[in-house]
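This briefing is intended for a reader who has the sequence and the coordinates at hand. Please consult both alongside the notes below.

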Amino acid sequence: MIYEGKQKIWSDYQKEIPDDHWYYVRSCIRQNFFPASERMFTEITQKVLGKDVYETPYHTTCGGIAYHCDTIPQETVMTIVARQFALMTEAGYENYCPSCITSFGNYAETLETWREFPELEAKIRENLWKACKREFNKPKYLAHSSDLIYHWREEIRKRAKHLLINQETGEPLRIVEHIGCHYSKMFPHKGVGGAEYPYVLAGMVESWGGQVIDYPERRHCCGYGFRQYHAKANRGYSLSNTHKKFESMEPYKPDAIITNCPGCPYFLDRWQYVIAEQTGKTYGENGYGIPVFTYEEIAGLVLGYDPWDLGLQLHQVAVEPLLKKMGVEYDPKAKYLGLNKEDLMRPEMPNSIKCC
Amino acid sequence: MIDFGFTLSKSSTVDLNKIDHSRYDQLVKLVPTARMCMNCGSCGATCTVSEYKGMSVRKVLYGIQRGEDVKAMLSSCMLCGKCTMVCPRGINTRNLILNLCKLYD
Amino acid sequence: MIDRIPSGFHPFVIPFLVGMAFVLLYCFGAMIRVLYELSWQDRKKFFLSLLNPKILLKDIKDIFLNCLIHVPLWKRNKLFGYMHSSIAFGWFMIILLGHIEVLLFVPGRINLFYYPIFFNYFVAEDDVTLRGSLLFFLMDFFLLLIMSGIAIAIFRRIKNHVFGVKRMARPTFLNLVGLYSLWAIFPLRWLAESFTAHISGGSFMTIPANWLFRQFLGNELNMLPTWWAYSIALCVFMCVLPFTRYMHIPAEMLLIPMRNAGLKVRSSRKGFARVEFFSCPNCGVCIDACPMTVDNGNVKDCTVYLTRQLRRNNEERIQEISDKCLLCGKCEALCQVGVEGPGLRILERARRDYTVPFLYPAGDKKVESRKVLYFAGCMTHLTPAIGRSVEAIMKKAGIDFTWLDEQGGLCCGRPMFTAGRIAEAKAIVANMEKLILESGCDTLLVSCPICYKMFREQYNLPGVEIVNYIPFINNLINTGRIKVEKSDICYVYHDPCELGRGCGMYEEPRKLLGRSAGIAEAGHNREESICCGGSLGSLSLDFSQRENMTKAALNDLYTSNADAIATACPLCQATFARYADRPVKDIAEIVNNQIL
Amino acid sequence: MKENVVIIGGGVAGLEAAKNLHRLGYQTFLVEKNKKLGGHVAIWHKLFPDMASTKAIIKEMVDDIKDVTVFLDTQVKTIESAYGGYQIAFSNGVNVHAKAVLVASGFELFEAAKKEEYGYGIYDHVITNADLEAWMNGNKDQRIPAAPKAIGFVHCVGSRDLKAGNSQCSKVCCMTAIKQAIEMKERFPNAEVYCFYMDLRLFGKKYEDFYINAQRDFGIHFVRGRVSEVSETIDGHLQVKAEDTLIGRPLKVQLDMLVLMAGMVANNQIKPIVEQAKLEIDSDGFLKSSDNITHIIESGRDGIFYAGACTGTKTVPETVAEARAAALAIHDYISGL
């Protein structure tokens with residue numbers, strides 16, 4: 001691997017990211033999967049970095065899931081998207097930041113389509129007006145929330161309590177970065193680092209002291225794929241995709257996986273349990289799995305937040321091995337205590353994959 | 001083992017590093033012309049049996065290089081020799097089939 | 001004529017006795033082995049045939065004509081025939097006359113096995129009788145005959161082509177020992193008898209020699225050494241005989257009665273086949289006959305080498321030889337002994353193990369037929385003009401006619417059969433029989449000779465007449481259903497192997513072709529016709545290796561100077577058309593164009 | 001002495017035209033931007049189908065133009081129409097008034113790094129066809145293992161690729177891949193060699209024979225499918241993925257080295273000349289000929305002619321033939337025929 005070659009490509013795929021004033025929209029599903037992640041984004045951007053990041057409760061789904069499940073036509077999706085832009089315009093923002101990768105892809109696709117077919121944009125404006133009497137300006141800048149964390153990665157590094165370094169050996173932790181398919185595969189120039197060698201997460205990992213693993217199936221989908229998971233009959237296909245990735249990354253002995261998509265951490269995390277139950281195989285050390293994180297969770301750990309405040313107890317694969325390596329202090333007894341310190345009860349432990 | 005109602009599906013990928021080439025290697029020693037196939041498909045198009053069993057020497061020859069099970073096709077061959085007649089590369093297709101019929105365990 | 005040696009014995013007869021005992025024991029053992037290897041039905045058939053006076057008489061006649069007189073050789077080449085019959089018949093006569101002499105002059109010694117062979121040493125001439133002179137004359141005459149044969153044989157070794165046989169099998173070391181000892185026997189006998197002639201008497205060969213030798217050599221001194229040498233030569237010859245081509249002499253004497261008893265080869269290695277491959281005299285006629293030996297290629301794959309390797313059990317070479325052959329049948333047609341080259345090879349191929357079973361693929365096919373069901377065969381689908389011409393002729397003749405395989409081919413099973421997969425071929429046959437019998441036809445018309453041979457020999461179709469299109473069309477003309485006009489194009493007719501040698505049909509196609517066009521003959525025709533090289537019989541011959549064979553066959557056809565080539569086989573047509581410099585047509589096509 | 005003729009480009013087209021124009025008696029100026037004559041052919045090792053040495057070919061061609069004025073390491077600065085010809089200023093300070101100009105600017109090799117998925121410049125053992133030729137010419141190359149066991153060739157890198165901006169077939173890559181595959185197999189007989197192709201376009205004299213030899217005598221494997229992605233494995237091998245379209249299944253294989261058959265693309269360095277001389281660019285990005293059948297060497301502008309790969313992808317013999325034709329056309333033009 002020639003690192004300079006990658007640097008050259010990264011330099012070709014840089015996007016302009018304004019430093020402040022972002023209109024932030026949440027994902028449909030992330031709050032259920034990893035509830036603290038989006039909360040941590042606002043916490044870091046607003047509290048730690050002091051940025052203007054605005055949210056509105058009127059925001060709805062972008063229509064991406066339905067679109068990718070082939071249940072609604074593109075015009076409908078675009079009208080939903082137009083409404084989100086209208087809300088942004090009404091709030092007085094022009095930098096749009098979705099938390100969901102599929103939304104990001106959806107917005108990028110919509111904007112590109114309008115650029116290519118202005119008559120379609122006109123039609124959507126008309127649709128939106130007919131539907132809810134709203135008007136909108138197109139966002140000036142579109143960035144995924146991971147783009148923003150990437151943008152502010154050095155500022156986070158400056159405030160870091162823990163680094164992605166193995167405290168026992170002093171070696172950088174080996175991190176697999178997994179990018180959501182809809183981030184840059186459709187429009188390589190819309191993603192930091194392009195589609196082949198995306199840099200958005202790799203940049204964070206490098207900045208925070210870790211070492212990025214480049215393994216053969218790095219481009220491969222996590223296995224979610226919408227239809228492939230939503231129909232139970234197809235779930236074997238979804239599972240096999242994920243399995244392929246783990247088989248490919250296994251020899252590199254990764255310490256953790258970092259992701260920037262709602263579905264990816266979920267599937268990479270939960271399928272490890274299913275694979276272990278079905279084949280008896282685990283990919284981490286000593287019978288554990290490879291812990292999977294969102295970039296906000298990693299940022300939170302780096303900034304010294306309590307793992308249980310980051311919602312890491314909701315992961316299927318135990319995160320404790322990584323916490324130990326990073327030197328993050330945590331109270332094992334507090335793992336299953338709720339926000340009000342009430343005992344949530346310890347879940348049933350799986351048979352084949354070690355958990356705490 | 002928990003029944004989830006779904007399992008890992010078998011990969012359809014041809015992994016050339018994992019395919020057993022020994023049968024093909026033996027074959028090309030016995031029938032050197034087998035290497036010359038350019039996948040034109042004349043053999044399958046003319047094959048007497050193709051209309052009944054989808055037989056094609058091309059598929060057989062290519063299949064064994066890609067780890068496919070070609071036994072059913074081999075079983076259906078009547079050795080009539082039309083494929084030998086039409087092959088533009090002069091591959092001895094009948095000898096190829098006969099030898100393959102011997103190379104399976 | 002009186003006994004000269006009171007004991008009637010001299011040590012020099014020992015080598016002869018040893019050789020004779022060895023060869024007799026060996027042959028007896030071999031015969032027992034062969035009989036043991038036969039199936040009990042065949043064995044019974046063989047023994048019963050020996051009790052049948054008619055067959056027994058035929059056996060004797062055939063052995064006499066084939067083994068002693070070499071009649072088939074005479075037919076092929078007179079010099080060749082003379083060479084063989086002079087030695088074989090001459091030697092036989094010398095032995096016979098030797099016995100007569102003993103019986104006449106010293107009847108008391110007839111129980112001594114060696115006496116007739118060394119008669120002249122053991123007797124002294126007391127008075128000259130007419131009877132004795134005549135016998136001595138005959139003895140010298142036959143000795144001269146044999147020696148003339150050997151002289152020719154020696155000459156032949158040096159100048160092969162004189163005999164029209166260009167190539168012979170390369171002799172092995174033992175064959176050479178056998179050959180030289182055979183050559184030595186008769187001159188040595190002549191020398192021995194000559195040195196003894198002043199005692200025993202002699203005739204025009206021995207007396208003058210005795211006189212001549214007396215002038216400068218002296219006879220007494222040389223007498224015993226030459227008798228010794230003669231005996232030793234006999235011993236050497238007989239001791240190597242089982243391991244040389246000369247084994248064909250005893251083997252053929254068993255082959256002829258076995259064949260007359262109606263035995264067939266059932267295995268390529270045992271029983272009757274063993275007799276057959278030991279009967280091969282290694283004459284090499286098959287080498288020149290073989291279409292594969294063009295440009296001196298593939299010589300070691302001819303039948304003579306097959307028999308040699310079968311004797312040696314050289315598995316690798318046997319497989320190679322068996323797989324390469326085109327099965328054109330010319331070697332068998334020309335073989336003096338009747339070694340079944342193609343048949344042995346098919347049986348040899350049948351010994352292979354196939355791990356992938358054959359499953360008949362077209363079991364569901366059904367055909368409803370009118371009276372005449374036409375089967376074109378696989379190959380005809382690559383030469384559609386044949387099928388279409390047959391169809392047109394049938395329509396013009398108003399024949400109630402259905403195609404069995406108009407849309408797609410169905411195989412007759414012949415290629416599977418020749419590949420040695422007999423059981424698999426039989427599965428095809430059984431399915432095809434069912435299909436044909438259920439079709440409701442009463443005549444099966446076949447245009448491809450490869451299929452025709454298969455139908456004729458392997459199919460059992462009660463109530464269905466199997467006809468080749470050539471006689472069928474001839475019959476249409478005979479009965480006036482179609483009329484043909486003779487074109488002024490002259491065709492040379494190529495006998496397809498499967499139709500000519502395979503089915504014995506030589507004159508019918510010529511008759512049909514002659515009715516519709518001019519006709520010429522190739523350099524080699526009828527049973528000597530040269531295979532087109534496209535035969536499905538060969539398993540291992542590659543396309544590129546066949547090119548020269550096809551070109552050689554074409555060159556032979558070109559010697560006729562005909563305008564075009566006619567044949568009656570789709571495979572020959574397609575093969576020739578690839579390289580021919582003039583049109584190649586099927587007879588059906590020619591006839592169809594000439595119908596009035 | 002007759003009129004001046006300027007030839008832009010010192011590759012095989014320029015060399016061949018210079019020889020012929022000089023023989024016809026013209027004062028010929030040959031400008032070459034590099035320090036060496038011979039163009040792309042000069043960096044190649046051997047040419048199919050005769051496996052001819054390029055060294056010998058270029059040496060002969062250069063020897064033939066001993067008396068021609070050659071400006072190396074020189075570019076055309078300006079070109080303008082003047083006095084029934086063209087006034088041309090070169091970067092070396094020389095000014096020439098030429099009656100006719102021959103553009104023989106050739107092509108550029110597609111920049112293989114643009115196909116990011118193949119990892120040229122990123123993976124340790126990915127090289128281009130040109131790199132391999134240079135290596136065979138004796139240049140050291142760390143990317144080529146000492147004893148490769150599996151070698152891959154990717155056809156159509158940057159050719160027939162609308163996304164890469166090139167719809168055209170580069171014509172020579174199929175044959176070059178087969179030639180190089182054979183050369184590698186000769187050097188490394190134990191290596192398995194795979195050619196990944198979309199179509200095998202073997203149109204020229206003896207090309208198909210090369211293909212047959214590659215299959216029959218060298219056992220080179222041909223996989224019909226475009227390589228979709230290349231990755232590096234933990235032990236430094238290359239994992240190559242393609243669809244085997246003949247069997248309709250995805251296929252992957254680990255290789256020790258991969259050769260990308262970078263195609264021919266239009267030479268953008270002549271853009272200034274194109275603008276100043278008001279030449280036309282065709283839809284494929286190459287220079288536009290008057291027509292593509294009988295007037296390929298004519299630009300449509302008086303006194304400006306084309307030869308070789310500046311008008312499209314060409315083989316060496318085609319280029320040489322065009323160069324001769326162009327020399328004759330210039331002669332006819334100047335003679336007023």
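The notes that follow cover chain contacts, domains, nonpolar cores, sheets and backbone geometry.

The model is predicted. Among the four pairs of chains in contact, chains B and C share the most contacts. Chain C is divided into four domains, namely domain 1 (7–246), domain 2 (264–349), domain 3 (372–476) and domain 4 (482–594). The largest nonpolar core has 202 residues, and Cys286(C) and Tyr491(C) have the most contacts inside it.

**Contacts between chains**

- Chain B places 26 residues in contact with 29 residues of chain C.
- On the side of chain B that touches chain C, at least two residues each are supplied by α3 (50–53), α5 (71–76), α6 (82–86) and α7 (93–103) of chain B.
- The largest share of that side, five residues, is contributed by α7(B).
- By residue class, the side of chain B that touches chain C comprises 11 nonpolar, eight polar and seven charged residues.
- Chain A and chain C do not touch, and their nearest C-alpha atoms are 34 Å apart.
- Chain C and chain D likewise do not touch; here the nearest C-alpha atoms are 13 Å apart.

**Domains**

- In chain C, a distance of 30 Å separates the C-alpha centres of domain 2 and domain 3.
- Chain D is divided into domain 1, which is made of the segments 4–106 and 267–334, and domain 2, which covers 112–263.
- The C-alpha centres of these two domains of chain D lie 31 Å apart.
- Nine residues of domain 1 of chain D are in contact with 18 residues of domain 2 of chain D.
- The side of domain 1 of chain D that touches domain 2 of chain D consists of four nonpolar residues, four polar residues and one charged residue.

**Nonpolar cores**

- Within the core of 202 residues, helix α10 (residues 219–240) of chain C provides the largest share, 12 residues.
- A second, separate core has 112 residues, including Leu21(D), Tyr194(D), Tyr211(D) and Ala214(D).
- Leaving aside residues up to four places away in sequence, Cys286(C) touches Cys302(C), Thr303(C), Val304(C), Cys331(C), Leu334(C), Cys335(C) and Gly341(C).

**Strand pairing in chain A**

- Strands β2, β1, β3 and β4 of chain A, in that order, form an open sheet of four strands with parallel pairing.
- Its edge strands are β2 (53–54) and β4 (141–142), each of which pairs on one side only.
- Three bridges join β1 (residues 22–25) and β3 (residues 95–98) of chain A in the parallel sense, and Tyr24(A) stands opposite Cys97(A) of β3(A).
- Strand β7 (residues 256–259) of chain A directs Ala256(A) and Ile258(A) one way and Ile257(A) and Thr259(A) the other way, and all of these residues are buried.
- Strand β5 (residues 174–178) of chain A runs parallel to β7(A) and is joined to it by four bridges; Glu177(A) stands opposite Ile258(A).
- Strand β8 (residues 292–294) of chain A also pairs with β7(A) in the parallel sense, over three bridges, with Thr294(A) as the bridge partner of Thr259(A).
- A right-handed β-α-β unit is made by β7(A), helix α14 (residues 263–279) of chain A and β8(A).

**Backbone geometry**

- Most residues other than glycine have a negative phi, and most peptide bonds are trans.
- Asn298(C), which is not a glycine, has a positive phi near 55°.
- Asn298(C) lies in the loop between α13 (285–289) and α14 (303–312) of chain C.
- Asn298(C) counts as buried because 22 other C-beta atoms lie within 10 Å, the threshold being 20 or more.
- Cys156(D) also is not a glycine and has a positive phi, of about 55°; its place is in strand β12 (residues 150–157) of chain D.
- Cys156(D) is buried because it has 26 C-beta neighbours inside 10 Å.
- The peptide bond between Phe48(D) and Pro49(D) is cis, with omega about -5°.
- Pro49(D) belongs to the loop between β3 (46–47) and β4 (52–53) of chain D.

Definitions and conventions. Residues numbered from 1 in each chain as written. Chains lettered and ligands numbered in written order. Predicted model: local features only at pLDDT ≥ 70, side-chain atom pairs only at ≥ 80, totals over all residues. Buried ≥ 20, exposed ≤ 12 C-beta atoms within 10 Å, placed from the backbone. Pairing = 2+ DSSP bridges. Right-handed = clockwise from strand over helix to strand, strands pointing away. Core = buried A, V, L, I, M, F, W, Y, C linked by C-beta atoms within 7 Å. Contact = placed C-beta atoms within 7 Å. Nonpolar A, V, L, I, M, F, W, Y, C, P; charged D, E, K, R; others polar. Domains from an automatic or database assignment.
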